[in-house]
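I'm going to look at strands first, then cores, then a couple of helices.

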Amino acid sequence: MQEQIPNFLVEKLKKQYGEEETKKIIEGYSKKRPVTLRVNLLKVTTKQIEEQLKKEEIVYQKVSWSSEAYILENVTEKKIRTLNIYENGEIYLQSLSSMLPAIVLNPKPEENILDMAAAPGGKTTQLAALSQNKSLITACEKNKIRAERLKYNVEKQGANKVNVLIEDARNLSNYFSFDKILLDSPCSGSGTINLENQKFFTQELVTRSIKTQKQLLQKAISILKPGSQMVYSTCSILQEENEEQLKELISKKKVEIIPIDKKLFEGVPMLPTKIEGTLCVCPTNLYEGFFVAILRKEKKDNGNYI
């Protein structure tokens with residue numbers, strides 16, 4: 001398997017994680033993951049979905065860290081897409097790792113929340129469900145076609161407090177002000193590589209992603225209310241897209257890290273990180289590689305906001 005992964009990526013991983021962790025990561029790349037889904041509590045209960053899965057003779061298991069997350073053992077996504085529970089927006093097909101950022105952001109009723117790179121809508125609709133449709137969510141997507149897909153999923157999931165904005169989040173006016181921000185940033189996808197997509201992974205992609213991430217982070221900090229929190233996440237496991245992006249903001253005292261309680265995500269395979277309190281999920285047979293951090297916008301020492 002290693003010879004099929006780009007050499008430059010293998011070398012990056014070895015430099016960052018060492019030989020043993022790199023072996024685990026590459027083994028994780030080779031795994032075919034089962035179908036996973038999130039129950040949409042805006043429309044149904046988990047019990048109702050479990051009854052439907054049993055009726056279809058679909059074997060499932062739950063995960064310890066989310067009552068809405070399910071792993072399906074004997075079915076394909078294609079089959080799930082034919083079921084009424086899918087057609088009716090009662091479930092959402094979503095990887096386990098990608099469910100973590102919204103849970104960590106912990107949306108509350110009446111909070112004004114921005115999802116900066118929202119399409120196709122998995123995390124947007126998850127935020128809506130977690131807040132029982134009581135958060136005010138602005139979902140940004142710059143691509144018109146992807147924005148239409150986002151709108152479709154928002155409506156299908158019954159997320160009726162979501163406003164879809166067809167806009168590059170980097171261009172948002174600084175007059176905006178949000179209580180919380182989710183920046184699930186465009187990235188190289190180094191946590192989600194498999195045999196089918198590895199040929200698209202290039203150093204140029206990493207370099208381009210880093211530039212975009214930096215710009216999005218700067219914008220996010222400028223429109224986040226002082227003292228408020230945001231989540232920065234990527235489906236990359238490279239420090240240059242994750243910890244390195246945050247170190248400059250921390251050193252300039254623009255943000256501080258709010259540690260994530262790892263006990264809340266028992267059973268999730270973790271890689272070591274260079275910033276304490278951040279999470280980096282290791283690719284395995286169940287999980288994609290993923291990075292998650294909570295940032296809080298700082299105040300200046302004299303009491304004035306940055």
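**Entry 1: a sheet.** I looked up E2 and strand E3 (residues 66-72) and found them paired in the antiparallel sense over 4 bridges. Two strands count as a pair if DSSP finds at least two bridges between them. The labels are DSSP runs numbered from the N terminus: helices are H or I with at least four residues, strands are E with at least two. Tyr60 has Leu72 in E3 as its bridge partner. I then stepped back and saw 4 strands in an open sheet, ordered E2-E3-E1-E4, with antiparallel pairing. Strand E2 (60-63) and E4 are the edge strands, each pairing on one side only. From one strand to the next, the twist averages 35°.

Note on sources: this is a predicted model, where local features need pLDDT of at least 70 and side-chain atom pairs count only at pLDDT 80 or more, while totals for chains, interfaces and linings use all residues. Residues are numbered from 1 along each chain as its sequence is written, and side-chain values use heavy atoms, with hydrogens and water left out.

Entry 2: E8 and E9 run parallel, joined by 6 bridges. Ile181 stands opposite Met230 in E9. E9 is also joined to E12 by 6 bridges, but these two run antiparallel. There, Met230 stands opposite Leu295 in E12.

**Entry 3: the cores.** Which residues touch the most other members of the largest nonpolar core? I found Tyr29, Ile181, Met230, Leu246 and Leu295, out of 41 residues. (A nonpolar core is a set of buried Ala, Val, Leu, Ile, Met, Phe, Trp, Tyr and Cys residues joined through side-chain atoms within 4.5 Å; buried means under 20% relative accessible area, exposed over 50%, partly exposed in between, with a 1.4 Å probe and protein chains only.) Helix H9 gives the most to this core, with 7 residues. I also checked Leu295: leaving aside neighbours within four places in sequence, its contacts (heavy atoms within 4.5 Å) include Leu217, Met230, Leu246 and Ile257. A second, separate core has 34 residues, among them Val63, Ile71, Val104 and Ile137.

**Entry 4: helix H7.** Is H7 enclosed or open? It is largely enclosed by the rest of the structure, because 8 of its 9 residues are buried. Among the buried ones are Gly122, Lys123, Thr124 and Leu127. H7 lies across strand E1 (35-39), E3 and E4. After H7 comes Gln132, with a positive phi near 55°.

**Entry 5: helix H8.** (The expected span is 1.5 Å times one less than the number of residues.) Asn143 caps the N-terminal end, with a side-chain oxygen 3.0 Å from the backbone nitrogen of Ile145. The buried residues of H8 are Ala147, Leu150, Asn153, Val154 and Lys156. They pack against several elements, including helix H7 (122-130) and strand E6 (136-140). Just after H8, Gly158 has a positive phi of about 75°.

**Entry 6: Thr138.** I found Thr138 in strand E6. Thr138 counts as buried, at 12% relative accessibility. Apart from neighbours within four places in sequence, Thr138 is in contact with Ile113, Leu114, Asp115, Asn163, Leu165 and Phe178.

Definitions and conventions: Polar contact = N/O pair within 3.5 Å; in protein donor to acceptor, adjacent residues only side chain to side chain. Axes fitted to C-alpha atoms, helices over the stretch in contact; angles between N-to-C directions.
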